[in-house]
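Subject: A structure for you to look at

Hi,

Here is the structure I promised to pass on.

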Amino acid sequence: MERLPEEVKIYVASFVIHPQDLASLARTSPSLLDCARLNLYQKVALRNDLPSVRDTIALILRNSTLRKTIRTIYFKTDEGWAKHPPVPSWIDKAMFEGMDKLRKVAFERLPCSTGHLFQDLIAAIYSHCPELDEIIAVEIRWPTFRPKQRVALETQLTVPESLKRLTFRTSFAPDMKMFFPLTFFTPQTHLEFLDLSVERNSDALEAVSDLCFPHLKTLKITGFSDRSSRTLIKFLSANSSIQTASFLRSETLVLHDTDINILPNLRSISGPPDFISTLSVICDKVKYVEVLNLNYYKCPSESLATSSMIHFIGGFPNLRHFSVESYLPTFADSLVRLLRDSKDLQWWTGGFLYRHPDTLVNASAMLEMAPIFPKLKRIDIYMWATPGPLLSDRQRESLRRIATRMPSLEKICLFSGVQNFSNEIVGMHFVQRMESAPHEVDLIGPYQDVEYLRHVVLDGLDWEHDPVMERSFPYA
């Protein structure tokens, strides 16, 4: 082993994926330690409450070769984060020097950070990481100071052109209007993905309302407030490249001018029915989306909200993927009327609960879908928790009966959203049909990828593809 050329050792280590296996490889031979470490540190997760965090940071600071291998780095503060001092207390900005291959950085629960302290941290990352592609910031604690104590934000950072994805989900900050444009946005910014799910988000939206991102494809705003309607419409009008728009758990949009038509490239929409219905008045493309994800947030009556969509929109003739959070049989009739024109629907997610008898025992609602959606290839069934075993003989027979009634069906998935709404796939069945007797159906599975957990993409379009579930903050 010691005599092997260095490039051969590096090549061997490149086939080892899991951190535990890389750690074992590092212990196999001293000569393999550095090779394994280079692969192990491509993704680094740092938690301030772990005893090893200072040693890990010290190793990164003194090993320039190691810094060059890091592609993704996560920072997470423990549950008592509100009691901690500001950002510099445990994150050393010098560690980013030489991280010229870093593509993703994520922060969760940065405590007591003011705008200028967090901006200084981002500036250090920008200056040393020219290939930075994505920034995630979740639960940043912004203190409220008296005006005379507040440090004014005046510095415009030079944002690398490589930055394509920004997720900022946090509480309200007094300096938000200045913080966003000065820290993340310049005329040269090439953002393709923007998630601005900011509590009391009117200031965050005002900060970007005058900006245009020609390459922006995906916009996500959770918890939209109706008082920001003018600001949101202004931003949507300026960013016609948006194809995927998500407004989950949002209040209804308020229209002040209906003589406009926005989002000409829209293909996917997520949000409460009332929000989507109102948006359709100023966006013709809502009716022709290929993906519809309904979220019945604070909706007193699913049937009335769905009937309102029928009144405003009529139907969705181009729909390929439909997903819904609420339990379907309580408003199945109105939903069927809403989707009566969706003859090309290939993928259905949610609406059925695994443990409810109407889903896999009686299966009446599912069986009624067969003649309505002749091209349906996949159904995803929601479950609160993973039971054991996954399916009883009676439930398996019900699934087989559903597949028999739907000649186009190829795949049935069971998914769970218990862990942070992850929509993790816990069981996957494939429909097998005999060529000589197409009505003879068997179910292959359930399968679960134990190597890589996969998840259902509620606003996805490819029913055959289930991406690997990458937690924003792993090992947490």
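Before anything else, a word you'll need: a residue is buried if its relative accessible area is under 20%, exposed if over 50%, and partly exposed in between (1.4 Å probe, protein chains only). Also, helices (H or I, at least four residues) and strands (E, at least two) are DSSP runs, numbered from the N terminus.

Please keep in mind that this is a predicted model, so to speak of a local feature I need pLDDT of at least 70, and side-chain atom pairs count only at pLDDT 80 or more, while totals for chains, interfaces and linings use all residues. Residues are numbered from 1 along each chain as its sequence is written, and side-chain values use heavy atoms, with hydrogens and water left out.

**The whole chain**

The chain has 15 helices and 16 strands. Of its 476 residues, 50% are buried. I call two residues in contact when they have heavy atoms within 4.5 Å. Looking at contacts with a separation of 6 or more, 72% are between residues 24 or more positions apart.

How many of the 10 residues of α10 are buried? Eight of them are, and the helix is mostly covered. The buried ones are P273, F275, I276, S277, T278, L279, S280 and I282. Their cover includes α9 (229-238), β9 (268-271), β10 (291-294) and α11.

Take L279 in α10 as an example. L279 has 1% relative accessibility, so it counts as buried. Leaving out neighbours within four places in sequence, L279 is in contact with L236, L253, I262, I269 and V286. The C-alpha atoms of L279 and T252 are 9.0 Å apart, though 27 residues separate them along the chain.

**Two helix pairs**

Two packed helices are described by the angle between their axes and the distance between the axes. The axes are lines fitted to C-alpha atoms, for helices over the stretch in contact, and the angles run from 0 to 180 degrees between N-to-C directions. Under 35 degrees counts as roughly parallel, over 145 as roughly antiparallel, 65 to 115 as roughly perpendicular, and the rest as oblique.

The axes of α10 (residues 273-282) and α11 (residues 302-312) cross at roughly 10° and come within 9 Å. That's why α10 and α11 are described as roughly parallel to each other. On the α10 side, the contact is made by P273, D274, I276, S277, S280 and V281, and on the α11 side by A305, S308, M309 and F312. Sorted by class, that contact has six nonpolar, three polar and one charged residues. Here Ala, Val, Leu, Ile, Met, Phe, Trp, Tyr, Cys and Pro count as nonpolar, Asp, Glu, Lys and Arg as charged, and the others, Gly among them, as polar.

The second pair is α6 (residues 115-128) and α7 (residues 176-183), which pack at about 5° with their axes 11 Å apart. So α6 and α7 are roughly parallel to each other too. G115, F118, Q119, I122 and Y126 of α6 meet F179, L182 and T183 of α7. This contact has five nonpolar, three polar and no charged residues.

**The nonpolar cores**

A nonpolar core is a set of buried Ala, Val, Leu, Ile, Met, Phe, Trp, Tyr and Cys residues joined through side-chain atoms within 4.5 Å. Which residues touch the most other members of the largest core? They are I73 and F107, out of 114 residues. The largest share of this core, five residues, comes from α6. Ignoring residues up to four places away in sequence, I73 touches V44, L46, M95, F96, M99, L102, K104, V105 and A106. Another core, of nine residues, lies apart from it, with W347, C413, F415 and L458 among them.

**A few single residues**

R71 sits in the loop between α5 (64-69) and β2 (72-76), and is partly exposed at 31% relative accessible area. Not counting residues up to four places away in sequence, R71 touches Q42, K101, L102, R103 and K104.

T218, in strand β7 (residues 218-220), is buried at 15%.

Lastly, the cysteines. Counting a disulfide as a pair of cysteine sulfur atoms within 2.5 Å, there are zero disulfides. C129 is buried, at 0% relative accessible area, whereas C212 is partly exposed, at 47%.

Enjoy looking around!
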